[in-house]
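Here's a quick briefing to read with the structure open beside it.

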Amino acid sequence: MPYPEALVAPMRNDLVHIGFKELRTAEEVDEVLGTERRTTIVAVNSVCGCAAGAMRPAVAMSMGNETRPEVLLTVFAGQDLDATDRAREYFTGYPPSSPSVALLKDGELIYMMERR
């Protein structure tokens, strides 16, 4: 069962306030990942300490680099279940992991950073 939205909202905002677009439904995921050819990052967010202490801060720091993905997306594992499941279908060859970060180009997964 998902956490209350009031609890999760600040965690969502960590990425949204730096320019990430949230994808909250499977249809939204397909609308973007099904057609996007530019370099795209998808951050699979979560409520866990790994996301709070490592993934979200690291992703935010990486956005300060001169070279960065053109399209910034996020889904929230454990909250937006259908969107997260659909996004993971684009990450072929990798089991579900949250948090995680995927990098796609020309619609193909080129790098996957899993939680370890």
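Predicted model: local features only at pLDDT ≥ 70, side-chain atom pairs only at ≥ 80, totals over all residues.

- Helix H4 runs over residues 81–89, and its buried residues are Ala83, Thr84 and Ala87.
- Those residues span an arc of only 95° around the axis, so they end up on the same side of H4.

**Alanine 87 up close**

- Alanine 87 sits in helix H4, and it counts as buried because its relative accessibility is 0%, against a cut-off of under 20%.
- Setting aside neighbours within four places in sequence, alanine 87 is in contact with Val29, Leu33 and Val75.
- Along the chain, alanine 87 and alanine 43 are 44 residues apart, yet their C-alpha atoms are separated by 9.9 Å.

**Serine 46 in its loop**

- Over to the loop between E2 and helix H3 (49–62): that's where serine 46 is found.
- Serine 46 is buried too, as its relative accessible area is 5%.
- Its side chain reaches the backbone nitrogen of cysteine 48 at 3.3 Å.
- If you skip residues up to four places away in sequence, serine 46 touches Met11, Ala51, Arg56, Phe76, Ala77, Ser98 and Pro99.

How values were computed. Residues numbered from 1 in each chain as written. Heavy atoms only, no water. Buried < 20%, exposed > 50% of the residue type's maximum accessible area, 1.4 Å probe, protein only. Helix = DSSP H or I, 4+ residues; strand = E, 2+ residues; numbered from the N terminus. Arc of directions from axis to C-beta. Polar contact = N/O pair within 3.5 Å; in protein donor to acceptor, adjacent residues only side chain to side chain. Contact = heavy atoms within 4.5 Å.
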